[in-house]
Amino acid sequence: HEDAALEAGIVCGSDDFPDLQQDVDRAEKWFRVATDVGFQEANYYLGNMFNNLNRYKLALACYKEAAE
């Protein structure tokens, strides 16, 4: 389900959970799963993650996808 994939991406990409280690590769995987089933909001979250990692070209591409 796309909502579950989005939430998995959020949790994996966050450093707000003390019991879990941040894993941006796994977060990207889950965000892409969500976008592949048509949940474009996941591109926004993926763009934010890339932006926070200073990967600005990838962030911009994701933001553009989210806006379409």
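This is a short chat about the predicted model shown above.

User: In what order do the elements run?
Analyst: From the N terminus on, they go α-α-α-α. The radius of gyration is 11 Å, close to the 11 Å from the globule rule for 68 residues, so the protein is as compact as a globular protein of that length.

User: What box do the C-alpha atoms fill?
Analyst: Roughly 35 × 30 × 15 Å, taken along the principal axes.

User: What share of the residues is buried?
Analyst: Buried residues are 26% of the 68.

User: And the surface, how much of that belongs to carbon and sulfur atoms?
Analyst: The accessible surface is about 4600 Å². Carbon and sulfur atoms account for 49% of that area.

User: Which residues form the largest nonpolar core?
Analyst: Twelve residues do: Ala5, Leu6, Cys12, Ala27, Phe31, Ala34, Ala42, Leu46, Met49, Phe50, Ala59 and Cys62.

User: Which helix gives the largest share?
Analyst: That is α3, with four residues of this core.

User: Pick a core residue. What does Leu6 touch?
Analyst: Leave out residues up to four places away in sequence. Leu6 then touches Phe31, Ala34, Phe39, Glu41, Ala42 and Tyr45. Phe31, Ala34 and Ala42 are core residues too.

User: Let's do contacts across the whole chain. Of those between residues at least 6 apart in sequence, what share joins residues at least 24 apart?
Analyst: The share is 28%.

User: Now the loops. Where is Ser14?
Analyst: Ser14 sits in the loop between α1 and α2.

User: Buried or exposed?
Analyst: Ser14 has 12% relative accessibility. The cut-off for buried is under 20%, so Ser14 counts as buried.

User: How far is Ser14 from Met49?
Analyst: Their C-alpha atoms are 8.8 Å apart. Along the chain, the two are separated by 35 residues.

User: What about Gln40, where does that lie?
Analyst: Gln40 is in the loop between α2 and α3. Its relative accessibility is 28%, so Gln40 counts as partly exposed.

User: Which residues does Gln40 touch?
Analyst: Setting aside residues up to four places away in sequence, Gln40 touches Thr35, Glu65 and Ala66.

User: And how far is Gln40 from His1?
Analyst: Their C-alpha atoms are separated by 13 Å. The two residues are 39 apart along the chain.

User: Back to Thr35. Which helix is that in?
Analyst: Thr35 belongs to helix α2. With 15% relative accessibility, Thr35 counts as buried.

User: What does Thr35 touch?
Analyst: Not counting residues up to four places away in sequence, Thr35 touches Gln40, Ala42 and Asn43. Of these, Ala42 is one of the core residues.

User: Where is Asn54?
Analyst: Asn54 is in the loop between α3 and α4. Phi of Asn54 is near 65°. That is a positive value in a residue other than glycine.

User: Is Asn54 buried or exposed?
Analyst: Exposed, at 52% relative accessible area. The cut-off for exposed is over 50%.

User: Last topic, charges. How many positive and negative side chains are there?
Analyst: There are 6 positive and 13 negative side chains. The centres of the two sets are 10 Å apart.

Notes. Residues are numbered from 1 along each chain as its sequence is written. This is a predicted model: local features need pLDDT of at least 70, side-chain atom pairs count only at pLDDT 80 or more; totals for chains, interfaces and linings use all residues. Side-chain values use heavy atoms; hydrogens and water are left out. Helices (H or I, at least four residues) and strands (E, at least two) are DSSP runs, numbered from the N terminus. The radius of gyration is taken over C-alpha atoms; the globule rule is 2.2 Å times the number of residues to the power 0.38. Buried means under 20% relative accessible area, exposed over 50%, partly exposed in between (1.4 Å probe, protein chains only). Contact means heavy atoms within 4.5 Å. Accessible areas come from the Shrake-Rupley method with a 1.4 Å probe; for residues, only the protein chains shown count as cover. Lys and Arg count as positive and Asp and Glu as negative; His and the chain ends are not counted. The place of a charge is taken as NZ of Lys, CZ of Arg, CG of Asp or CD of Glu. A nonpolar core is a set of buried Ala, Val, Leu, Ile, Met, Phe, Trp, Tyr and Cys residues joined through side-chain atoms within 4.5 Å.
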